[in-house]
Amino acid sequence: MSLSRISVTGVRNLQPVTLTPSPRINILQGDNGSGKTSFLEAIHLLGMARSFRSTRLNPVIAHEQANCTVFGQVQLVGDQTTALGIARDRSGEVRIRINGQSVKSAAELADSLPLQLINPDSFRLLEGAPKLRRQFMDWGVFHVEPRFLPAWQRLQQALRQRNSLLRHGTLDAASNAAWSRELTLASDEIDGFRRAYIQDLKPVFERTLGELLDLSDFQLSYYRGWDKDRDLTDVLATSLERDRAMGHTQAGPQRADLRLRVGGHNAAETLSRGQQKLVVCALRIAQGHLLSEAKRGQCIYLVDDLPSELDEQHRRSLCRMLEQLNCQVFITCVDSNLLQVGWRDDTPVSMFHVEHGAISPIHGPSGVKA
């Protein structure tokens, strides 16, 4: 799949723009602050209904604008297309349309337009809180396992109910038995999906990382959120008094994590910035491979400031790997010469210049290549 057309209005400093990107490689070149990242943010809004740069909506909407809108035409396998649209206003209202029909769930957008983001904050996947790694896992499971979303929704409901009763001190024996049982059933299902996914991801990740870095002692392991040798029902029973004191449930898949180590040490504390970026790239590219196998389609990669932290050799390796994914990629950079890495002659490459929020195609030998 690929975005064959995208229109953006009212996003940060971007001027209203409609682009027809290449189905493969798209390079956006411009000075810092010109609007390159804002364009990637607009695509992210279209696929996720939220920004990757801010948890607050107001900074995303252009100054003196009441709302922002993004429309996209998605080319699917064969001649099929899907039309997507999202509008968000300053009051927080979200309007989502797919093929002209209003939908309520952002999950439907995510399913229609799978996105992978690689940006300067990607280091947080290694050094940040476990929540970020759970989100990484669950993105992958969501796209390959149709049963995941209803199980995840059941889990969230059970957690909310049990935690509310714990906080208010009203968790009696009958309520505890009912919600602990529901929590255990949903947790076991979620754990099974995550475990199967990581089992499939691990060899693809190791192979991908091996093409980028020589880290033979790198280890990726999955922690499910409670003792691997005990049933969650038993864990919840023995930790009940502690849960009462804390006011929330301590054990369960909401505490799951991916553990990434080099020689037994935390990867974030061992690897250089450049190495960390390549590890994150390998993780996300491996996810793209699994998605392609599961759905007979590819996700779209948003790569913000690709050259940063990487030397020429690793820039070339990463670009070659993105090219081999045979999917659509949007890459931003300040100096486009750093990305003249010898794309294959049969790879469509489009280049765009971004200046003061305006985006224009670059034609000629260094621009659009059919």
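Colleague: Which residues does T69 touch, leaving out residues up to four places away in sequence?

Modeller: S7, V8, T9, I86 and A87; contact here means heavy atoms within 4.5 Å. This is a predicted model, where local features need pLDDT of at least 70 and side-chain atom pairs 80 or more, while totals for chains, interfaces and linings use all residues. Residues are numbered from 1 along each chain as its sequence is written, and side-chain values use heavy atoms, with hydrogens and water left out.

Colleague: Why is T69 called buried?

Modeller: Buried means under 20% relative accessible area (exposed is over 50%, partly exposed in between; 1.4 Å probe, protein chains only). T69 has 16%, so it counts as buried. T69 sits in strand β4, residues 67-75; a strand is a DSSP run of E, at least two residues, and a helix one of H or I, at least four.

Colleague: How do you know that β1 and β2 pair?

Modeller: Pairing takes at least two DSSP bridges. Three join β1 (residues 2-9) to β2, running antiparallel, and I6 stands opposite L19 in β2. The open sheet runs β2-β1-β4-β5-β6-β7.

Colleague: What makes α6 oblique to α11?

Modeller: Their axes, lines fitted to C-alpha atoms over the stretch in contact, have angles from 0 to 180 degrees between N-to-C directions. Helices α6 (173-212) and α11 (312-324) cross at roughly 140°. Under 35 is roughly parallel, over 145 roughly antiparallel, 65 to 115 roughly perpendicular, and the rest oblique. That makes the pair oblique.
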